[in-house]
Amino acid sequence: MSDKKVTLTVTGETPVELDVLQGTLGQDVVDVRSLGSKGLFTFDPGFTSTASCESKITYIDGDEGILLHRGYPIDQLATQSNYLEVCYILLNGEAPTQEQFEEFRTIVTRHTMIHEQITRLFHGFRRDSHPMAVMCGVTGALAAFYHDSLDVNLERHREIAAFRLLSKMPTVAAMCYKYSIGQPFVYPRNDLSYAGNFLHMMFATPCEEYTVNPVLERAMDRILILHADHEQNASTSTVRTAGSSGANPFACIAAGIASLWGPAHGGANEACLRMLEEISHKDHIPEFVKRAKDKNDSFRLMGFGHRVYKNYDPRATVMRETCHEVLNELGMKDDLLEVAMELEHIALNDPYFIERKLYPNVDFYSGIILKAMGIPSSMFTVIFAMARTVGWIAHWKEMHDEGMKIARPRQLYTGYAQREFESNLPK
Ligand code: CMC
């Protein structure tokens with residue numbers, strides 16, 4: 001019950017009073033749950049005005065460009081924390097004590113190996129498969145190997161599955177890469193950090209020592225933090241929807257990976273780098289900006305715009321700084337960074353982008369950093385998926401912990417009314 005109400009009047013009918021719910025932060029929410037029983041549904045394709053659930057994990061203020069995980073600002077987490085600590089915070093709600101953190105880290109790092117038979121599963125894929133297709137398939141298949149933790153009604157099983165996913169995702173991600181280039185899989189090393197171990201599995205070979213560069217390790221850790229969670233985005237909502245039927249956690253995360261792959265969502269980082277490469281020189285920017293503004297052209301500036309942010313994406317700010325750091329460390333001058341900075345400058349001063357409040361998002365600079373690290377663009381969304389796994393799990397767990405109803409939206413039906421069937425096939 002709430003003191004604040006909304007009254008809905010349908011012409012000729014008794015008005016309906018609806019509660020207005022208030023969160024800790026953010027917009028008020030009209031509770032429309034009672035409408036269905038009164039013969040009315042709300043209509044909101046794309047969920048532009050719908051809060052699909054209650055959550056305590058992440059808050060975004062899109063107008064101010066604020067992102068908080070469990071109340072902590074993303075820029076503070078990115079600069080003062082590490083990915084595993086952020087994972088702990090997302091999953092448990094509070095910053096860990098030293099002892100809690102050590103225990104958490106030990107569990108994650110001791111479960112990084114995957115069932116050996118899974119290596120054979122990889123060999124069923126064509127070498128030229130997109131790594132996201134492989135990751136999606138292999139993640140779903142994990143349920144076949146870890147079926148001792150699939151009873152989603154048991155809290156302990158949910159916890160085991162959560163650790164397994166968090167621990168094994170970098171191994172699966174790196175295997176996707178190694179398979180695509182025909183190199184042997186590299187086993188995880190538990191003496192390395194989460195990010196360091198991932199880089200090791202990506203770049204080590206049996207014939208050469210690989211030493212993780214601490215600047216790149218830190219940059220990778222930061223990329224993981226910046227992608228860890230983002231409230232009810234398309235892939236997280238997909239995970240929640242899949243999970244609402246009681247589906248197993250590996251299937252739910254595979255569903256999240258599939259949703260993330262789209263270019264309007266996580267696939268934008270790969271698409272953005274391709275776009276910057278296509279632009280290739282500052283002189284060509286006006287031509288691309290013109291196309292982005294042309295309603296008859298499907299081209300959009302990738303890495304620009306966001307459903308929620310109507311201000312600079314706070315993740316993009318940190319990403320831009322990290323980009324400069326990495327290029328400095330590697331002593332590289334990337335022409336694409338120059339193109340990106342000029343494109344940002346031109347777009348931010350163009351009335352089309354100003355009026356629509358289109359700013360660079362997290363995907364705008366991440367590709368340049370990953371490319372500088374030697375990571376091919378086909379792996380960008382895989383890394384996003386690896387980082388976002390913790391967010392997906394946190395939401396999936398929250399949904400189960402708090403009790404859920406199966407997600408079952410209704411529709412505005414605009415098809416045929418009932419009619420008689422008469423077959424056109426010969427009798
Ligand atoms: N380039 C050119 N025009 C754009 C762009 C863009 N990147 N993004 C939005 N617009 C225009 C759009 O054409 C529309 O104009 P009009 O009002 O004249 O019809 C207006 O801005 C509103 O766009 P929308 O498509 O209604 O907005 P949305 O909230 O449904 O879509 C978005 C958000 C992220 C899908 C969209 O901005 C986009 O496609 N961006 C490029 C892809 C991208 O970078 N995605 C990564 C998002 S951040 C990472 C993540 O969380 O996944």
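A: The protein splits into domain 1 (5-51) and domain 2 (52-403), with bounds that come from an automatic or database domain assignment. Keep in mind that this is a predicted model, where local features need pLDDT of at least 70, side-chain atom pairs count only at pLDDT 80 or more, and totals for chains, interfaces and linings use all residues. Residues are numbered from 1 along each chain as its sequence is written, and side-chain values use heavy atoms, leaving out hydrogens and water.

The C-alpha centres of domain 1 and domain 2 are 34 Å apart. Where they touch, 7 residues come from domain 1 and 5 residues from domain 2, contact meaning heavy atoms within 4.5 Å. Together the two domains bury about 420 Å², 60% of it on carbon and sulfur atoms; that's the accessible area (1.4 Å probe) that two parts lose on being put together, summed over both. On the domain 1 side, Leu25, Thr48 and Ala51 supply 68% of the area buried against domain 2, more than any other three residues.

What about charge? There are 0 salt bridges between domain 1 and domain 2, a salt bridge being a side-chain nitrogen of Lys or Arg within 4 Å of a carboxyl oxygen of Asp or Glu. The side of domain 1 that touches domain 2 has 3 nonpolar, 4 polar and no charged residues. Here Ala, Val, Leu, Ile, Met, Phe, Trp, Tyr, Cys and Pro count as nonpolar, Asp, Glu, Lys and Arg as charged, and the others, Gly among them, as polar.
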